[in-house]
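Here is a short report on surface, fold and aromatic contacts. Please read it alongside the model.

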Amino acid sequence: MSEIKLTRQQIYDAVWDMGPMKAADKLGVSYRKLLQACNDNNIPIPGNDFFRNRLKKMPVTKPFMFPAENEEITLEKIVRRNRIKNDSMFGAKANTICIMQLLEDYTDDIKTLTIQDIIRLLKDNYNLVADRRTVKDSIELLIDLGYEISAEKENGQYRYSLIENYFTTSEYMLLHYSVKFNNMIPIILKEDILQKLSSLMSVKKTLWSIDKPSPEILRDKKEELEMCRVYEDIGNAFENRKQVSFTYMIYNINKELVPYREKPYVFIPQRIFMKQGIYYVTGEVVNEQYGVTFRMDMIRNTHILDEPIHQMPHEELMTAQGAGKVSDSGKIKIYKSKNDEKAVINPPVYPEADKRIRAEMKCKNSLLGKIFEDFSEDFKHINLSDCGDGEHFIFEIENASFVNTVHWALSVCDECEALEPAELREAVIDKMKRNTYGI
C-alpha cells in the first residue's frame, strides 16, 4: 500500500486552485478521502459559487485557514493496477469490484459518471476492458448486494453515483421541517443550518421534493404553524391579562372544520389545562356575560388586544362557568322508552360481554366536536346526516363496541338519544333507571 504525505497548505492550495475533484486526480488520491481529510483537519473547502464567480471574473475571496495540531497529512494513493486480460472468472469479478471503487472515488451528490466514463476509467486505472453490457450488469449486481447507487437519466443517458447518506429521507425531513418552521431560530442561522443539513444528503430528487414540498405538505405544515401561534397568543394573553380575539371552529356533518359563528370571540383567558392530551382554555367571553371552555386546537386567527380588562372575582367566575351545575332543571334528563307512558316492568337483560353492533343515535349539533374527539380511531366508520331541524343530526357508526357505546350515550344523555338497535336503546334506559341517584 503506497501513501503520500501532504501538508495542509498543499491541500488547501490544490482544492482552492482547481476544486476538490481535480485536486484529487492530480494528487493521485481518493476524492472522498481527500474531502474527509479536509473535514478532519479543518481545511476549508470551496463551494460551486466560488468557481462560478471566478469564471465570470467577479471578485472572490478565500477563507483563512486556521492552524491545526497536525500540519502534515498522510493519504493513501490510488494504485493503478495493470492487467493484460480480463476474460477469466477473476476478471469478471474484478470488473464489479473496480466499478465500485470508481464510484466511491469519483462520484458524490454533484459529480456523476456515465457508462462511457466508467469504461474509460476502468482502462486508465486498472487496464480492464469492458463493454456497456458488462458495466450495467456490474452496477445491477452492486444494487442487488445492497449498495445505494443513484441512476438519473440526463440528455438520453444514465449518470451513476454512489449514495452515502448520513440520514434516511424520513430523518432528514423531520430535521428539515423542525428547523424551517421553528420561529425561535433566526432566519440567517436557519438558512445556514438547512444548508449544512442538505450537504449531508446525496439524493438530489429527495432534496428537491423536500425543499419544494407538495401542496398537501405545505397545508399540513401551515396548520402546525398556526397551532403554535395560537398556543403562544393564548399563553401571552393569559400571562399578561390581555383580551384575545379568535375564531372557534367545529366539525360539520361533512366532517369539515368550519367557523362556529361569523362573529369572532373576544375572550379573557382565566385558566389553561390539559385533559387526555388535549389543551383547553377556560375564561370569560367579553360583553356576553358567560364563561366558557374552548379546545385550543379548534381556535384559529388569534389576535391579542390591548383593551383594559377587569379582574372577575373567583366566586363570580365559578358561577359564570357553571361550576357544580348539573342541568338547568337541576336533575338529569332520562330517556323515555318506546312505550312512552307504559313503565317497563321487566327491565331488559343485555349481555355484559362485549359485542360489535351498528349504532344509530340522534344528537344535538353541539356534540359534533366530541364525536370527532371520542371516535377518532373509527373515523372512517362514521356517517353523519342532517335531521333538517337546524339543531340535530343522526350519528351512525359501524362495527362499534356495544358496551362502550352504551357508556358513551350515558355520558351525553342530555344531548343524545340512542335509536338503533333496540337493545342499545333499552340498555341505556335501563342503566339510567337504575342509577345511584334514584332518578
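## Surface and burial

The model is predicted: local features need pLDDT of at least 70, side-chain atom pairs count only at pLDDT 80 or more, and totals for chains, interfaces and linings use all residues. Residues are numbered from 1 along each chain as its sequence is written, and side-chain values use heavy atoms, leaving out hydrogens and water.

## Fold

The protein has 15 helices and 15 strands. These are DSSP runs numbered from the N terminus: helices are H or I with at least four residues, strands E with at least two.

## Aromatic pairs

There are 13 aromatic pairs. Rings of Phe, Tyr and Trp (its six-membered ring) pair if their centres lie within 6.5 Å; planes under 30 degrees apart are stacked, over 60 edge-to-face, the rest tilted.

Trp 16 and Phe 50 have ring centres 4.8 Å apart and planes at 90°, so this pair is edge-to-face. Trp 16 sits in helix H1 (residues 8-18) and Phe 50 in helix H4 (residues 48-55), so the pair ties together parts 34 residues apart in sequence. Trp 16 is buried at 5% relative accessible area. Phe 50 is buried at 9%.

Terms used:
Buried means under 20% relative accessible area, exposed over 50%, partly exposed in between (1.4 Å probe, protein chains only).
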